[in-house]
2 protein chains.
Amino acid sequence: MAPKFFVFEGCEAVGKTTQLKRIEAALREKGFPVIVTREPGGTVVGEKIRSVVLDPVHADTIQPLASLLLFNAARHQWMHEVVKPALAAGKTVLSDRSFLTTMVYQSYIEGIDADFVHALCMKAVDGVLPDKIFLLDISDDELQRRLLGSREEKTTRYDIKGEAFHRKAREGYLAQVARFPGLIERIDGEGPVETITDNMLGRIVSMLS
Amino acid sequence: MAPKFFVFEGCEAVGKTTQLKRIEAALREKGFPVIVTREPGGTVVGEKIRSVVLDPVHADTIQPLASLLLFNAARHQWMHEVVKPALAAGKTVLSDRSFLTTMVYQSYIEGIDADFVHALCMKAVDGVLPDKIFLLDISDDELQRRLLGSREEKTTRYDIKGEAFHRKAREGYLAQVARFPGLIERIDGEGPVETITDNMLGRIVSMLS
């Protein structure tokens, strides 16, 4: 039974982190060795980069290309120090976000050429793609409702963006499905939390067995 | 009289910074508007990146590709915030180092494909090349002598490298002359400091007039 690499993606407030924690707990209960990680970050160098690239203080000065390079520098360290060693040790990797967010933020939203961003991201991950990216998706209305109601602390320069940004991000995530055939599975994020977990857990366990 | 963009390159201890300061003073005396800058750095984001990428504490963990992306992220901010505005304001730019060091360190020494590094550097600078790169060069023996005698504080993870690294770097700088035809001028860095300044100042003033 080979370990696998799963990513949870989607807009702010779609429930990525909640689902990731529930799935981690369920997999551990079933006896699967698993690690949880997040992008960007998870390494000493990566966390320092994260603190530069996401700091709201740079929101008006940091250039799209600089963001792209910083996210991919952190990503490369993360692939090298976290993901590859975990897979090599037989552990399944669950990650909160991936290069897909870079495709959406730096290309779809900030306008850098998609093929260039795609190629750079593939270089940063040494060609190691997830076995599956679960794209949690909720309607624009539900997204707006959750963003308004969110009590989470807003700490990054993306958290403080307005509704138009998050709506465009949703559009951008959905547009990636066709670019990466077979890689991304859209998951309806509006049902009961348990139903969503069971849905993804079923796929994950069958891929791990 | 259009402003120009000059870069001073070469190994540690060849006298780049000394010459740059002397030429800055001479140009100011002659009434040329000039700014002095350095790579990586010179911007808020860039200085933060610099402190991550050059910190000796990461010497064993930071990957070549991560270094490449970090240097180019800082470079892009620097081009956008420092070089382009200065040139647009009619000021001549003198820079301590440039993308040439990245070609040498991340490609020639650390082994990343030269065409990829070259293309990424050109993207980072938005295609804005210096009017001239002065490559200060001293013999291997002289380089060794100066490195041993240097009383400068060693603060970056490159400063603390051994002689073999610096010898290879010299080889790498000389190898770039053919890759960038007409851009790089090798300057003999072993003569009296005044002769070296006069040599470069002559070229610079004629290009500015």
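How many salt bridges does the rule find across the interface of chain B and chain A? There are two, and one of them joins the side chains of Asp55(B) and Lys48(A), at 4.0 Å from N to O. Please keep in mind that this is a predicted model.

**The interface**
- Contacts link 25 residues of chain B with 25 residues of chain A.
- Together the two chains bury about 2100 Å², and carbon and sulfur atoms carry 75% of that area.
- Eight residue pairs are in polar contact between chain B and chain A, counting pairs with both residues at pLDDT 80 or more.
- On the side of chain B that touches chain A, the elements giving two or more residues are helix 2 (44–53), helix 3 (64–88) and helix 5 (114–124) of chain B.
- Helix 3 of chain B provides the largest share of that side, with ten residues.
- By residue type, that side of chain B splits into 14 nonpolar, seven polar and four charged residues.

**The sheet of chain A**
- Five strands form an open sheet with parallel pairing, in the order 2-3-1-4-5.
- Strand 2 (34–38) and strand 5 (184–188) of chain A are the edge strands, each pairing on one side only.
- On average, neighbouring strands of this sheet are turned by 20 degrees against each other, direction ignored.
- Five bridges connect strand 2 of chain A to strand 3 (92–96) of chain A in the parallel sense, and Arg38(A) stands opposite Asp96(A) in strand 3.

**Helices across the sheet**
- Helix 3 (64–88) of chain A lies across strands 1, 2 and 3 of chain A, at about 165 degrees to strand 2.
- Helix 8 (193–208) of chain A lies across strands 1, 3, 4 and 5 of chain A, at about 175 degrees to strand 4.

Notes. Residues numbered from 1 in each chain as written. Chains lettered and ligands numbered in written order. Predicted model: local features only at pLDDT ≥ 70, side-chain atom pairs only at ≥ 80, totals over all residues. Heavy atoms only, no water. Contact = heavy atoms within 4.5 Å. Buried area = accessible area lost by both parts, 1.4 Å probe. Polar contact = N/O pair within 3.5 Å; in protein donor to acceptor, adjacent residues only side chain to side chain. Helix = DSSP H or I, 4+ residues; strand = E, 2+ residues; numbered from the N terminus. Nonpolar A, V, L, I, M, F, W, Y, C, P; charged D, E, K, R; others polar. Pairing = 2+ DSSP bridges. Axes fitted to C-alpha atoms, helices over the stretch in contact; angles between N-to-C directions.
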